[in-house]
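Reader: I would like to go through this model with you and ask, for each label you use, what it rests on.
Author: Gladly; let us look at the structure and take the labels in turn.

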Amino acid sequence: MSWFKKNTDFETQRAEMVKNQLQARDIVDERVLEAFLAVERHKFIDASYHGQAYADHPVHIGCGQTISQPYVVAYMTQELRVSEGMRVLEVGTGSGYQTAILAVLGCQVYTIERHEDLTERASTILQELELDANVEFFVGDGTVGVPEEAPFDRIIVTAAAPSIPLPLK
């Protein structure tokens, strides 16, 4: 499989990901590109999938969930147009990768995930990477948001839904 990298030089793979998947496909926000260079994507997936960490596709993270492909995360982040200090609600913590990107961008992130084990794993990873200072984790139904922390400057939904839930509007 051509996307499977046996090379374990993750810094080089991260740089190639930014150049070939993000910059080559209309990601132009320098802050977003720098965040993607800084956040070690392979830390957010099981070691058995490390060879796929920087590939241009989603990767399984357990609980029937995936970490989105890098371009999707970058595109959503760029379109969110965040600035330092913004309060951002993230619906669907998943692996915590998107959470980490937002944290690196200086956002105060309130992230909610319905799977407690994914929340715990993401929290542990962000603590280990020392990216958790401006992140609050919640377990629950993301379609209702986190009303006790509202309002938010931005909301990003990284989980699938058939329509935009009214509480998030």
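Reader: In which loop is proline 151 found?
Author: The model is a predicted one, and in it proline 151 is found in the loop between strand S5 (135–139) and strand S6 (154–157).

Reader: What makes the peptide bond from alanine 150 to proline 151 cis or trans?
Author: The omega angle decides, and for the bond from alanine 150 to proline 151 omega is near 5°, which is cis. Most peptide bonds are trans.

Reader: How do you know whether H4 is mostly covered?
Author: Seven of the eight residues of H4 are buried, and on that count the helix is mostly covered. The buried residues are Tyr97, Gln98, Thr99, Ala100, Ile101, Leu102 and Ala103. Just after H4, glycine 106 takes a positive phi of about 85°.

Reader: Which residues of helix H1 are buried, and what covers them?
Author: In helix H1 (residues 10–22) the buried residues are Phe10, Gln13, Arg14, Met17, Val18, Gln21 and Leu22. What covers them includes helix H2 (30–38), helix H3 (70–80) and helix H4 (97–104). As background to such a list, an α-helix has 3.6 residues a turn, so residues three or four places apart point the same way.

Reader: What is the phi of cysteine 63, and where does the residue lie?
Author: Phi of cysteine 63 is near 55°, a positive value in a residue other than glycine, and cysteine 63 lies in the loop between strand S1 (59–62) and strand S2 (65–67). Most residues other than glycine have a negative phi.

Reader: What makes S1 and S2 a pair?
Author: Pairing requires at least two bridges between the strands, and S1 and S2 have three bridges in the antiparallel sense, so they pair. The bridge partner of glycine 62 is glutamine 65, in S2. The two strands form a hairpin with two residues between them, and cysteine 63 is in the turn.

Reader: Why does cysteine 63 count as partly exposed, while arginine 81 counts as exposed?
Author: Exposed means over 50% relative accessible area, and partly exposed lies between that value and the 20% limit for buried. Cysteine 63, at 32%, therefore counts as partly exposed, whereas arginine 81, at 55%, counts as exposed. Arginine 81 lies in the loop between H3 and strand S3 (87–91), and its phi is near 50°, again a positive value in a residue other than glycine.

Reader: Where is glutamate 116, and why is it called partly exposed?
Author: The place of glutamate 116 is in helix H5. Its relative accessibility is 49%, and exposed would need over 50%, so glutamate 116 counts as partly exposed. The C-alpha atoms of glutamate 116 and glycine 140, which are 24 residues apart along the chain, are separated by 8.2 Å.

Reader: Why does arginine 121 count as partly exposed?
Author: Arginine 121, also placed in helix H5 (residues 116–128), has 38% relative accessibility, so it counts as partly exposed. The C-alpha atoms of arginine 121 and lysine 19, 102 residues apart along the chain, are separated by 29 Å.

Reader: How many disulfides are there, and on what rule?
Author: A disulfide needs a pair of cysteine sulfur atoms within 2.5 Å, and by this rule the count comes to zero. As for cysteine 107, a relative accessible area of 0% is under the 20% limit, so cysteine 107 is buried.

Reader: How much space lies in the largest pocket, and which residues are closest to its centre?
Author: About 550 Å³ of space lies in the largest pocket. Of the 32 residues that line this pocket, the closest to its centre are Gln65, Val91, Gly92, Thr158 and Ala159. The elements giving two or more residues to the lining are S2, H3, S3, H4 and strand S4 (108–113). The lining residues divide into 15 nonpolar, 13 polar and four charged.

Technical notes
Residues are numbered from 1 along each chain as its sequence is written. This is a predicted model: local features need pLDDT of at least 70, side-chain atom pairs count only at pLDDT 80 or more; totals for chains, interfaces and linings use all residues. Side-chain values use heavy atoms; hydrogens and water are left out. Buried means under 20% relative accessible area, exposed over 50%, partly exposed in between (1.4 Å probe, protein chains only). Helices (H or I, at least four residues) and strands (E, at least two) are DSSP runs, numbered from the N terminus. Contact means heavy atoms within 4.5 Å. On a 1 Å grid over the protein atoms alone, a cavity is a set of points where a 1.4 Å probe fits but cannot get out, and a pocket is an open set with protein on both sides within 12 Å along at least five of seven lines; lining residues have an atom within 4 Å of a point. Grid points are joined across faces, edges and corners, and a volume is the space filled by probe spheres set on the points. Ala, Val, Leu, Ile, Met, Phe, Trp, Tyr, Cys and Pro count as nonpolar, Asp, Glu, Lys and Arg as charged, and the others, Gly among them, as polar.
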